[in-house]
Amino acid sequence: MNRLNEKVTVITGGNSGIGFGIAEEFKNEGAKGAIIGRNKATLDDAAAKLGDSFIAISADVTKVADLQRAFKQTAERFGKIDVVVANAGGGIIGTVADLGEADYDRTMDLNLKSVYFTVQAALPYMNDGGSIILIGSNAAHRAYPSFSLYGAAKAAVIFFAKGFSNDLLSRKIRVNVITPGTTDTPAFDKFVPAEQIEAVKSHFADTMPIGRIGQPSDIGKTAVFLASDDSSFLLGAELLVDGGLTYLAK
Ligand SMILES: NC(=O)c1ccc[n+]([C@@H]2O[C@H](COP(=O)([O-])OP(=O)(O)OC[C@H]3O[C@@H](n4cnc5c(N)ncnc54)[C@H](OP(=O)(O)O)[C@@H]3O)[C@@H](O)[C@H]2O)c1
């Protein structure tokens, strides 16, 4: 398949989990471009798996200067950019009684500020008619224990898809958001002791109406659709790629 033939793409957090799943599907559809992350080992590993059509750029998405450098570097290497995926993010767990100012700033910087400035830094290098894909979360719709801050940041990201689409109408740049449900990624390793991971994943699979947790490729295939001209009538849309978790009672 060649639905993204020669399209220049940038995926933040493309060195792990959902972001890498998106990069793989993009590559399979003929795209090229850059993945952005901080961890040198996973950047090198992901770049090796993606092959010559992708480069890995080390940058911190919470730092505006890093983002500006990363998009400039991508455009210098590949020319103007067609597709941007603002995927980097992650949860910090805790209640309003526990999480203080530093945790608040860290959560909002990583999940909300980063998305705003990823898009802003990309714009000077993007082709008109391009596609921007944001990554929300099921936690923006359902209040899970200890996920208030993260859920609120992701709810704002879902709004950005509408707001940014409006802002960018004159350039015909479409902004849409994918909302994953529980997805099998290394993010689990950050919260769950290694010996409990399989049991926790199995528990989550039981909570999913569809009977399994998502795979990065599930999100990647949806991102291909949003990146391609097949979705040319979608603007400010949210696609729930969640196995029914958000709206189906089980
Ligand atoms: N997994 C799920 O169940 C799930 C569900 C709903 C939504 N999501 C969302 O999906 C997205 C991807 O999550 P994932 O599960 O794939 O997690 P993951 O495997 O932990 O990947 C997170 C990615 O974000 C990058 N990242 C984090 N902080 C960064 C920073 N300051 N600067 C640059 N890159 C940074 C990481 O790269 P480095 O390690 O190199 O920093 C990594 O590539 C996130 O936005 C997450 O909130 C995940």
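Reader: How many residues does helix α3 have, and how far does helix α3 reach from its first C-alpha to its last?

Author: A word first: this is a predicted model. Now the helix. Helix α3 covers residues 64-78, which makes 15 residues. From first C-alpha to last, α3 reaches 21 Å. That is close to the 21 Å expected at 1.5 Å a residue.

Reader: Which residues of α3 are buried?

Author: Buried means under 20% relative accessible area, and exposed means over 50%. In α3, the buried residues are Asp66, Leu67, Ala70, Phe71, Thr74, Ala75 and Phe78. Now look down the axis of α3. The buried residues fall within an arc of 165°, so they line one face of the helix.

Reader: Which exposed residues sit on the face of α3 turned away from the buried side?

Author: Ala65 and Glu76 are the exposed residues carried there.

Reader: Let me try the reading on another helix. Which residues of α7 are buried?

Author: Helix α7 spans residues 197-207, and its buried residues are Ile197, Lys201 and Ala205. Viewed down the axis of α7, they fall within an arc of 75°, so they line one face of this helix too. Turn to the face away from that buried side. There you find the exposed residues Ala199 and Asp206.

Reader: Now the ligand. Which residues come nearest to the ligand?

Author: Start with the shell, meaning the residues with a heavy atom within 4 Å. There are 30 residues around the ligand, and Asn15, Asn39, Tyr150, Thr185 and Lys190 come nearest. Next, sort the shell by class. It has ten nonpolar, 16 polar and four charged residues.

Reader: Which helices each supply at least two residues of that shell?

Author: α1 (17-28), α5 (148-167) and α6 (187-191) do.

Reader: What polar atoms lie 2.6 Å and 2.5 Å from oxygen atoms of the ligand?

Author: For polar contacts, look for pairs of N or O atoms within 3.5 Å. A polar backbone atom of asparagine 39 is 2.6 Å from a ligand oxygen. For tyrosine 150, an N or O atom of the side chain is 2.5 Å from an oxygen atom of the ligand.

Reader: How much of the ligand's accessible area does the protein cover?

Author: On its own, the ligand has 890 Å² of accessible area, and the protein covers 91% of that.

Reader: On to backbone angles. What is the phi of serine 146?

Author: When you meet a positive phi, check the residue type. Serine 146 has a positive phi of about 70°, although it is not a glycine. Then check its place. Serine 146 lies in the loop between β5 (126-135) and α5. Serine 146 is partly exposed, with a relative accessible area of 22%.

Reader: And lysine 172: is it buried or exposed?

Author: Lysine 172 counts as exposed, at 64% relative accessibility. Lysine 172 has a positive phi of about 55° and is not a glycine. Its place is the loop between α5 and β6 (174-180).

Reader: How do I compare separation along the chain with separation in space? How far apart are the C-alpha atoms of valine 83 and alanine 31?

Author: Take both values for one pair. Valine 83 and alanine 31 are 52 residues apart along the chain, and their C-alpha atoms are separated by 9.5 Å. Valine 83 is found in strand β4 (residues 81-86). Valine 83 is buried, at 0% relative accessible area.

Reader: Where does isoleucine 135 lie?

Author: In strand β5. Isoleucine 135 is buried, with a relative accessible area of 3%. Its C-alpha is 8.6 Å from that of glycine 89, which lies 46 residues away along the chain.

Reader: How many residues apart in sequence are glutamine 215 and glycine 17?

Author: They are 198 residues apart in sequence, and 8.6 Å apart in space, C-alpha to C-alpha. Glutamine 215 is in the loop between α7 and α8 (216-227). Glutamine 215 is partly exposed, with a relative accessible area of 33%.

Methods. Residues are numbered from 1 along each chain as its sequence is written. This is a predicted model: local features need pLDDT of at least 70, side-chain atom pairs count only at pLDDT 80 or more; totals for chains, interfaces and linings use all residues. Side-chain values use heavy atoms; hydrogens and water are left out. A polar contact is a pair of N or O atoms within 3.5 Å; within protein, one must be able to donate a hydrogen and the other to accept it, and residues adjacent in sequence count only if both atoms are side-chain atoms. Accessible areas come from the Shrake-Rupley method with a 1.4 Å probe; for residues, only the protein chains shown count as cover. Helices (H or I, at least four residues) and strands (E, at least two) are DSSP runs, numbered from the N terminus. Ala, Val, Leu, Ile, Met, Phe, Trp, Tyr, Cys and Pro count as nonpolar, Asp, Glu, Lys and Arg as charged, and the others, Gly among them, as polar. The expected span of a helix is 1.5 Å times one less than its number of residues. Buried means under 20% relative accessible area, exposed over 50%, partly exposed in between (1.4 Å probe, protein chains only). The arc is that of the directions from the helix axis to the C-beta atoms.
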